[in-house]
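I opened my notebook to go through this structure piece by piece. Here it is, before my entries.

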Amino acid sequence: MAEPTYHFDTLKIHAGYNPADHNYAVSVPIYQTAAYELGSVARSDDLFSFNSEDSVYTRLSNPTITILEKRIAELHGATGAIALASGMAAVSYALLNVVGGSGRILTTPRLYGGTIDSFGQVYKEFGIEVDLVEDSDSVDSFEKAIRADTKAIFVESITNPNATVTDLEPVADLAHKYNIPLLVDNTVATPYLLNPFDYGADIIVYSATKALTGHGNAIAGLVVENNQFNWANGKFPQFEEKLYSLRDIDDRQRSVLEVFSKIPFTGRIRALYLNYLGAALSPFNAYLVLIGLETLSERIEKQVSNSKKVIRFLENRREVLWIKHPEAKENPYRDLAKKYLPKGSGGIFSFGLSGTAEQRRNFIEGVKVFSYQANIGDARSLIINPSRTTHTELDEEQQRLADIVPETIRLSIGLENAEDLIADLDQAFELAFQK
Ligand SMILES: *Cc1c(COP(=O)(O)O)cnc(C)c1O
């Protein structure tokens, strides 16, 4: 039933799925199969020369996963999406794909801890150099750091844990001035709060583990593309070269741009990285993401409204040194949030907790409703101390650049009753700071 004229809340429940094509099942079926009957040699020839979108083997595609991909693409007004086994697979396959064997990525220190870590740990082996801008808030700073072999700019739209907001539009303009794409990790914002394609982004990546699934029960990742970027501009030969593996039915070699004309970016990820490196999502986890998506707007709305209440409470606590969220008083990202995030800036933010290391420990161990764990975007409210957990592999200088200090406490606000959340924090303050 999905048509482009439907609104977000309708698409999140219906897009990409027609029950009549699946025995009229109301809930998307889980296709728990590794391979698919090829049927006839003629059909097999079609499948193996990319003439059919039907599935051959679940590492490459699966009907349950295809529905998720179509739904995510429609939610962004995009041409295509690919689902992967994790957010890290989505980030790394997107970066490998844009670099294509040698080149640089320009990014900022304000990234998910695992992403920053991976730059030091694995990318060099794949011919990728990573440059960090000096001032993540300055477009000039991005421009100064662009080099001849820079292949992409990569940013997070709302960053974790400090909820800074990236000024996407001028950064996208800058990238395009240098004929390179802007890649945006939109995990914290979710497509409900922000569609980065509206502001010039070329590729969007998600950890669907977080708010898209929203119940802390699956690891999943997504890459989305809108086919606006010109991959044939000379900087990205990997999309133009003829490949033996992309032969047509008459054995003629073809390029990624020929075979996947509307989805060159995700098409190449599927044909190369998913095919050969193999971070395939399980159909069951795709199903969990689909179920989560059905309530995405409602969950985010509640998280936004709960967060406002928790922030007002924290602003009145003497133990709180600062709060980093556009909703907090005098936050420097208020105006950017107004522009990019009119529905709210999400439920993930940090605050500075005064006192000794022991008091901070007692505070974290004192909460009863908040759950102490390394996840975000859950139905549950979560708490963590990033400098000793999510960002612990960064050295002191990297933590300073990422603006993580020992006093940083990150909250991810869930769907509980806001008064109960506030009372929980209140009793933990009393417990930790009693004389
Ligand atoms: C969690 C996260 C990732 C990594 O995703 P996984 O699903 O844990 O592999 C990437 N980017 C951001 C912003 C995240 O929060």
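**Around the ligand**

I started at the ligand and found a backbone N or O atom of glycine 87 lying 2.9 Å from one of the ligand's oxygen atoms; I count a polar contact as a pair of N or O atoms within 3.5 Å. Next I looked up serine 207, where a polar side-chain atom is 2.8 Å from an oxygen atom of the ligand. For aspartate 185, a polar side-chain atom lies 2.7 Å from a nitrogen atom of the ligand. Taken alone, the ligand exposes 380 Å², and the protein buries 94% of that (areas by the Shrake-Rupley method with a 1.4 Å probe).

A note to myself on the source: this is a predicted model, where local features need pLDDT of at least 70 and side-chain atom pairs count only at pLDDT 80 or more, while totals for chains, interfaces and linings use all residues. Residues are numbered from 1 along each chain as its sequence is written, and side-chain values use heavy atoms, with hydrogens and water left out.

I then listed the 14 residues around the ligand, and Gly87, Asp185, Ser207, Thr209 and Lys210 come nearest (near means a heavy atom within 4 Å). The shell divides into five nonpolar, six polar and three charged residues, with Gly counted as polar.

**Aromatic pairs**

I got 15 aromatic pairs, taking rings of Phe, Tyr and Trp (its six-membered ring) with centres within 6.5 Å; planes under 30 degrees apart are stacked, over 60 edge-to-face, the rest tilted. One of them joins phenylalanine 50 and phenylalanine 260, edge-to-face, at 5.6 Å centre to centre and 85 degrees between the planes. That pair links distant parts of the chain, 210 residues apart: phenylalanine 50 is in the loop between helix 2 (41–48) and helix 3 (63–75), phenylalanine 260 in the loop between helix 9 (256–259) and helix 10 (264–276). Helices (H or I, at least four residues) and strands (E, at least two) are DSSP runs, numbered from the N terminus.

I checked the peptide bond from asparagine 160 to proline 161, and it is cis, with omega near 10 degrees. Proline 161 lies in the loop between strand 4 (150–156) and helix 7 (168–177).

Methods:
A polar contact is a pair of N or O atoms within 3.5 Å; within protein, one must be able to donate a hydrogen and the other to accept it, and residues adjacent in sequence count only if both atoms are side-chain atoms.
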